[in-house]
Amino acid sequence: MTDISALELAINSAWDARDTVSTATQGDIRDAVTEALLLTDQGILRAAEPDGNGGWKANEWVKKAVLLSFRLNPNEIIKGGPGEATWFDKVPSKFDGWGEAEYKEAGFRAVPNCTVRRGSFVAKNAVLMPSFINIGAYVDEGTMVDTWATVGSCAQIGKNVHISGGAGIGGVLEPLQATPVIIEDNCFIGARAEVAEGVIIREGSVLAMGTFISQSTKIVDRATGEFTYGEVPPYSVVVPGAMPAANGGPSLACVVIVKTVDAKTRSKTGVNELLRD
């Protein structure tokens, strides 16, 4: 069993000496980075995780391992693409060398033209349509990543989430202390929606088609008129909106919480019905 504390120390030490790290580097540094990314690929390590108090914490050293791997590994022909396709990159495909036994053991469905980089984790019973999952990402059980959706570096996706066609879940490697985008369990992210810059979508929330949320996007509660930034509360139903300027000037984009529902209602009510008002 890997000593995680010792591995973290090794990665932090390598990061402090990163200006000396190159494709020629061998030995302890390369071994530590390889081990860290293997554990991330297996879901044992995560770039961010629950902090035990209802929040999330970023594991900076895991992101350091990802960044160090870019220094260690040259661009080369990468195998493992759909239909034996190849590309030219620093990060291997998660599927390189996989056969039927490895797919069965992983337990998720990988539809043709899904691209998953090694160092990302996909749990059992997930479904990957033609989509892209970047290094460091975590996709939990029962989640659907639909056609042309993207899950960015180190983004954390919960259980039974539906990321609809063309939706973008932003990633973050730097700054190191920044928490990546978090989509908690049982959320629905509508087609062509975009969640970026470390925004947290709390459990059971529904984002309508075309909803864009970044750290600077006002999240307005229609019932109270109050607004917040950076986090959508649990079981919120959210649609795109606009905030008029006080002086009558151009409006600025926002998102609007049109209603909140409890877990029981969310589980029994179709998404289209929730979005009607």
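Mentor: Start with accessibility: buried means under 20% relative accessible area, exposed over 50%, and partly exposed in between, with a 1.4 Å probe and protein chains only. By that rule Glu 100 is exposed, and so is Lys 104. The model is predicted, so local features need pLDDT of at least 70 and side-chain atom pairs count only at pLDDT 80 or more, while totals for chains, interfaces and linings use all residues. Residues are numbered from 1 along each chain as its sequence is written, and side-chain values use heavy atoms, leaving out hydrogens and water.

Trainee: What makes Glu 100 and Lys 104 a salt bridge?
Mentor: A salt bridge is a side-chain nitrogen of Lys or Arg within 4 Å of a carboxyl oxygen of Asp or Glu. The N to O distance for Glu 100 and Lys 104 is 3.0 Å, so the pair meets the definition. Both residues lie in helix H4 (residues 100-106), four residues apart, about one turn of the helix. Helices are DSSP runs of H or I with at least four residues, strands are runs of E with at least two, and both are numbered from the N terminus.

Trainee: Why is Arg 202 called buried?
Mentor: Its relative accessible area is 11%, and the limit for buried is under 20%, so the label holds. Arg 202 forms a salt bridge with Glu 231, with the closest N and O atoms 3.0 Å apart. Arg 202 is in the loop between strands E19 (200-201) and E20 (206-207), and Glu 231 is in strand E24 (residues 231-232), so the pair ties together parts 29 residues apart in sequence. Glu 231, at 32%, counts as partly exposed.

Trainee: How do you know that Arg 71 and Asp 19 form a salt bridge?
Mentor: Their N to O distance is 3.9 Å, and the limit is 4 Å, so the pair counts. Arg 71 is partly exposed at 34%, whereas Asp 19 is exposed at 70%.

Trainee: What is the area buried between domain 1 and domain 2?
Mentor: It is about 1800 Å², with carbon and sulfur atoms giving 65%. Buried area is the accessible area (1.4 Å probe) that two parts lose on being put together, summed over both. The domains, 4-73 and 91-262, have bounds from an automatic or database domain assignment.

Trainee: Which salt bridge does Asp 41 form?
Mentor: Asp 41 pairs with Lys 94, the closest N and O atoms being 3.1 Å apart.
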